[in-house]
Amino acid sequence: MFDFSRPIDRRGTGSLKWNQPDPAVLCMGTADLDFASAPAIRQALLDLADSGMYGYYAKPEAYYRAVTGWYDRRFGCHIEPQWVLNAPGVWVAARMCIDTYSQPGDCVLVQAPHFSPIARIIDCAGRRMVTNPMVLKDGHYTIDFANFEEKLRQYRPKIYFMVNPHNPTGRAFTAGELQRLVELCDAYGAVLVADEVHSNVLFDGHAHHPILGLGQRAQKIAVLITSASKAYNIMGLTYATVLIADEGLREQFAAAMGGYSMDFATNIFSVAAMTAAYSPACDQWLDELGAYLAGNLDFLCQYIAAHIPALQVIRPESSYLVWIDCRQLGLPPEELRALFLERAKVGLTWGEDYGPEGVGFERINIGCARATLEEALARIERAVKALGAQ
């Protein structure tokens, strides 16, 4: 049994999440966990550090077995070892895909609400972002396929950049939804790049369907980007696993990667951590983490329904990031931010960072001890009630 209930004070440690000028603020924003990582990962890093040898290393066969075994155990998805490439992080991999599979001036299609880094990456690459707004009805987001196909037809994007499970809505897209996306991308000649970094935490019996597990049509057009970073809290060991089944797409990506020496100069501590994370030695830790986060999610939903009914939780199917509908408060973004950050002293990820579709929403990170979450919600409750009393 692992103890996730003990709060860990991360102030003053250099943590980006907890780097607030006001020490009174509870930081519930940036997508990392306030839990120590799995013991098997720590031990793998200690063993490597104790060796005193930090030169160039080829990735061991154990790494490839760990990645392929992980997909087989967790998702029933067959991955060939030769499909496995890497990059120094998810956003690096995303930029490499944009540079590799499109040209300056081309369009890249994304679902909205969308996180600001992908918009910036697309812009910095000299491409144009086109959005497919998701439809929110009765607290649940769905894909507008008619709009999706119209955007494909009108703008002819070279890439559809998919986030599945979706950030910030928490949707874990069904196999049927994914098959339809694959069919449309294939029909209109778009490469499907899938960021699946949030796939390791799922709620309420929902399943994650890796894009490469959907058959040959998907494998022909898709690139899968993932990392153990979000689930195991090893973001500082920057690393992304890139899986590409199609030989042509894989050779294009590998050529781009070779130009930056990203394979030759891989951080050996990152590889050690990823090998441990994907191995069976960490399975129980991840399962217990998921159970604890499910309890946090239930607590959040019940607390807000009972004490802060002006807010609506968009209950996620995945991830430890929860999208909150605050539109009933009727506040513009700057006042909504002030309500949480200055009055409640709770730092969130602000909805306007997700584009126009995020205005009136905020994202809260429940990857913390229950006591921390309870304190944050109590502060928000007091601030919202004080707002109503004015």
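Helices and strands are taken here as DSSP runs, helices of at least four residues (H or I) and strands of at least two (E), numbered from the N terminus. The model is a predicted one. With that numbering, Glu-80 lies in the loop between α2 and β2, the latter spanning 84-87.

**The seven-stranded sheet**

Strand β2 belongs to an open sheet of seven strands, whose order is β2-β10-β9-β8-β7-β3-β4 and whose pairing is mixed. The edges are formed by β2 and β4 (128-133), each of which has a single partner strand, so that one side of each is left without a neighbour in the sheet. Direction ignored, neighbouring strands of this sheet are turned by 25° against each other on average.

Within this sheet, β9 (residues 222-226) has five of its five residues buried, so this strand is largely enclosed by the rest of the structure. In a regular strand the side chains alternate between the two faces of the sheet. In β9, Ala-222, Leu-224 and Thr-226 point one way while Val-223 and Ile-225 point the other way, and all are buried. Strand β8 (residues 191-195) runs parallel to β9 and is joined to it by four bridges, with Val-193 standing opposite Val-223 in β9. Strand β10 (residues 240-243), by contrast, runs antiparallel to β9 and is joined to it by three bridges; there Thr-226 has Thr-241 of β10 as its bridge partner. Helix α9 (residues 247-259) packs on the sheet, where it touches β2, β8, β9 and β10, and the direction of α9 makes about 35° with that of β2.

Two packed helices are described by the angle between their axes and the distance between the axes.

| Helix pair | Angle | Axis separation |
|---|---|---|
| α2 (residues 61-75) and α10 (residues 268-277) | about 40° | 8 Å |
| α2 and α11 (residues 283-307) | about 45° | 13 Å |

At their angle of about 40°, α2 and α10 are therefore oblique to each other, and α2 passes α10 in a left-handed crossing. The contact is made by Ala-62, Tyr-63, Ala-66 and Trp-70 of α2 together with Val-271, Met-274, Thr-275 and Ala-277 of α10, and the residues of this contact divide into seven nonpolar, one polar and no charged.

The angle of about 45° between α2 and α11 makes α2 oblique to α11, and here the crossing is right-handed. From α2, Trp-70, Arg-73 and Arg-74 take part, and from α11, Asp-283, Leu-286 and Asp-287; the residues of this contact comprise two nonpolar, no polar and four charged.

**The four-stranded sheet**

A further open sheet has four strands in the order β11-β12-β15-β14, with antiparallel pairing. Strands β11 (312-314) and β14 (349-350) stand at the edges with a single partner strand each, so one side of each is left without a neighbour in the sheet. Between them in the order, β12 (residues 321-325) and β15 (residues 361-365) pair in the antiparallel sense over five bridges, and Val-322 has Ile-364 of β15 as its bridge partner.

How values were computed
Residues are numbered from 1 along each chain as its sequence is written. This is a predicted model: local features need pLDDT of at least 70, side-chain atom pairs count only at pLDDT 80 or more; totals for chains, interfaces and linings use all residues. Side-chain values use heavy atoms; hydrogens and water are left out. Axes are lines fitted to C-alpha atoms, for helices over the stretch in contact, and angles run from 0 to 180 degrees between N-to-C directions. Angles under 35 degrees count as roughly parallel, over 145 as roughly antiparallel, 65 to 115 as roughly perpendicular and the rest as oblique. A crossing is left-handed if the near helix is turned anticlockwise from the far one by less than a right angle, and right-handed if clockwise. Contact means heavy atoms within 4.5 Å. Ala, Val, Leu, Ile, Met, Phe, Trp, Tyr, Cys and Pro count as nonpolar, Asp, Glu, Lys and Arg as charged, and the others, Gly among them, as polar. Two strands pair if DSSP finds at least two bridges between them. Buried means under 20% relative accessible area, exposed over 50%, partly exposed in between (1.4 Å probe, protein chains only).
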